[in-house]
Amino acid sequence: MLDRRALLAALAALPLAPAPARRAVAAESGLVRIGYQKNGILVVAKQQGIIERRLEPLGQSVRWVEFSFGPPLLEALSLDGIDLGQTGDAPPIFAQAARSNLVYAAAQEAGGSGAGILLPKDSTIRSLAALKGKRVAFAKASSSHNLTIAALEKAGLSYADIEPVTLAPADAAAAFARGSIDAWTIWDPYFAIAEQGGVRVLARATDITPQNTFFLASRPFAESRAPVLTAVIDALGEVAAWCTQHRGAVAELLSQGTGVPLAATRRAVDRTDYVIGPMTDRVAAEQQRVADRFHALKLIPKPIRIADAVWTSPARNG
């Protein structure tokens, strides 16, 4: 088992993602710029080259851009640094509230189920209610932000009952290893890596709230290059079906593509539901509940309507 020092070393060894673009970059008509993180279907698609093969007949090439988590990815999307990418539930809500011109192109229901709240193994915390007054770390405007709030609601606590510590995953991992935070809400693959060490899992996302993930595109890209976006989503659907049937191979591809240790990657893959579909009324309604949760806490400045940002491929409408 890894101790805290070894855990920190393992997490720190992961390659760093580049900082988000700080200014708009003109899009090229024959190029699709895809933002991805250290886990999930997009990494598999990148390793397999399936999107490149699907887009070649359309005269399109692909550029891949890695990000450490969702908010910087969507910042790049809003600044025309990328055309599409995948994030958890909270980032597009904050982006939409900030008037980012994005659309929900597809959903992966329960795609963020590999997440939870971690404690040091010697922690005296035994329940969600015992988080009252504690320093809880999570990435601001990320799915872990939503998971933390939902966990507090389940325990009958308010957001004001904890001391929120907003840190990016690498910084939170360092704080956790130093013992300067009491709990850490985090997603895979960081969650899976930490589980191999000397930690306790206070609660898993599956016991707290649905954790859907989304494929998001800039509205101008979706509207002006709808056949290209449709082809990308169709290709990802094929990748998802393949992932469901070949989890061992998925783990190897993800480990090779991200540098995350194979054992941790296998743990993350085994609990992932690889199904991609359109934004159904049920998924949109759940995402609206997340948006309303953030607005009620005044974490976003105004209410938003998820339905205003749902995209439907013209090809699907005949």
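Is Arg204 buried, partly exposed or exposed? I looked it up: Arg204 is partly exposed because its relative accessible area is 33%, where buried means under 20%, exposed over 50% and partly exposed in between (1.4 Å probe, protein chains only).

A note on the source before I go on. This is a predicted model, in which local features need pLDDT of at least 70 and side-chain atom pairs count only at pLDDT 80 or more, while totals for chains, interfaces and linings use all residues. Residues are numbered from 1 along each chain as its sequence is written, and side-chain values use heavy atoms, with hydrogens and water left out.

**Entry: salt bridges**

I found 13 salt bridges in the structure, each being a side-chain nitrogen of Lys or Arg within 4 Å of a carboxyl oxygen of Asp or Glu. Side chains of opposite charge can pair when their charged atoms come close.

Arg204 has such a partner: its side chain meets that of Glu195 in a salt bridge (2.9 Å, N to O). Glu195 is buried, as its relative accessible area is 12%. I then saw that both belong to a network of salt bridges that also links Asp188, Arg267 and Arg271.

Next I looked up Lys38 and Glu66, whose side chains form a salt bridge (2.8 Å, N to O). This pair links distant parts of the chain, 28 residues apart: Lys38 sits in the loop between β1 (31-36) and α2 (41-48), and Glu66 in strand β2 (residues 61-66). Helices (H or I, at least four residues) and strands (E, at least two) are DSSP runs, numbered from the N terminus. Lys38 and Glu66 are both buried.

**Entry: nonpolar cores**

How many residues does the largest nonpolar core have? I noted 66, and Ile93, Tyr104 and Trp184 have the most contacts inside it. Such a core is a set of buried Ala, Val, Leu, Ile, Met, Phe, Trp, Tyr and Cys residues joined through side-chain atoms within 4.5 Å. A second, separate core has 40 residues, including Trp64 and Val250.
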